[in-house]
Amino acid sequence: MAEIDCRGKTCPQPVLMAKQALETLREGELTLIVDDPSSCENVERFVRSQGCVVNVEKEGRDFYLHIKKMAFEEEGRSSQRKEKVVVYISSQLLGIGDEALGRFLMRAFLNSLLNLETPPSRLILINSGVHLASEDSEVVDTLKALADQGMEILSCGTCLEFYSLKEKMGVGRISNMFEIVQSLLEADRVIRP
């Protein structure tokens, strides 16, 4: 069984190393070691998204991700796959112009998502858009309602750090640029208001 040591590496390096290892492994097992809880969560989420089984063991500061990749079987995959629609928001305002109008339009846009028959599967927040997911945001309750409907809400970790909002997140989870780019590439449609 292969073992990949990612201790001391920051995101997205461990995810990229897991991706590279899975691409060369047809089926079987490998162990990936990280020493950062965020890296552990990001790698675990990524390998699960690739159809792998993962078991995480913590030893001291280190996390051992035991990953099992199965041979891909075309049978059993549903032809009725749900369309992946991603909403990508890069500002806390909607549109360019008056700030008060931009805040109003963003509130209206997010509230409209609540009433869609088939809501988007994922909402990605980057740059000043991460303010929308903070606990004191005027739309945090709307975002919580969207999350309750099954929409996954991702906020850029670098952006949260830049705006000192990492400890003030009110909804969703912290993500990284690799996962954001992968989400955009795998989406059937991307909506950018």
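What pLDDT does the protein average, and what share of the residues score at least 70? This is a predicted model, and its average pLDDT comes out at 89, with 94% of the residues at 70 or above.

**Where to be careful**

- Five strands make an open sheet, and going across it you meet them in the order β8-β7-β6-β5-β9. The pairing is parallel.
- At the edges sit β8 (173–175) and β9 (189–191), each of which pairs on one side only.
- From one strand to the next, the twist averages 30°.
- Take β6 (residues 122–125) and β7 (residues 152–156) as an example: these two pair in the parallel sense over 4 bridges. Across that pairing, L123 stands opposite I153 in β7.

**A helix across the sheet**
- Helix α6 (residues 177–186) lies across β5 (85–89), β6, β7, β8 and β9.
- Relative to β6, helix α6 runs at about 135°.

**Aromatic pairs**
- How many aromatic pairs turn up in a search of the whole structure? The search finds 2.
- One of them is F46 with F178: the ring centres are 5.9 Å apart and the planes are at 70°, so this pair counts as edge-to-face.
- That pair ties together distant parts of the chain, with F46 in helix α2 (residues 37–49) and F178 in helix α6, 132 residues apart.
- F46 counts as buried because its relative accessibility is 5%. F178 counts as buried too, at 17%, since the cut-off for buried is under 20%.
- F162 and Y163 form another pair, with ring centres 5.0 Å apart and planes at 90°, so they are edge-to-face as well.
- Buried or exposed: which is F162? F162 is exposed, with a relative accessible area of 66%, while Y163 is partly exposed at 27%.

**A buried threonine**
- T31 is found in strand β2 (residues 28–34).
- What does T31 touch, leaving aside residues up to four places away in sequence? T31 touches M1, A2, E3 and I4, along with Y64, L65 and H66.

Notes: Residues numbered from 1 in each chain as written. Predicted model: local features only at pLDDT ≥ 70, side-chain atom pairs only at ≥ 80, totals over all residues. Heavy atoms only, no water. pLDDT = per-residue confidence, 0-100. Contact = heavy atoms within 4.5 Å. Pairing = 2+ DSSP bridges. Axes fitted to C-alpha atoms, helices over the stretch in contact; angles between N-to-C directions. Phe/Tyr/Trp six-rings, centres within 6.5 Å; stacked < 30°, edge-to-face > 60°. Buried < 20%, exposed > 50% of the residue type's maximum accessible area, 1.4 Å probe, protein only.
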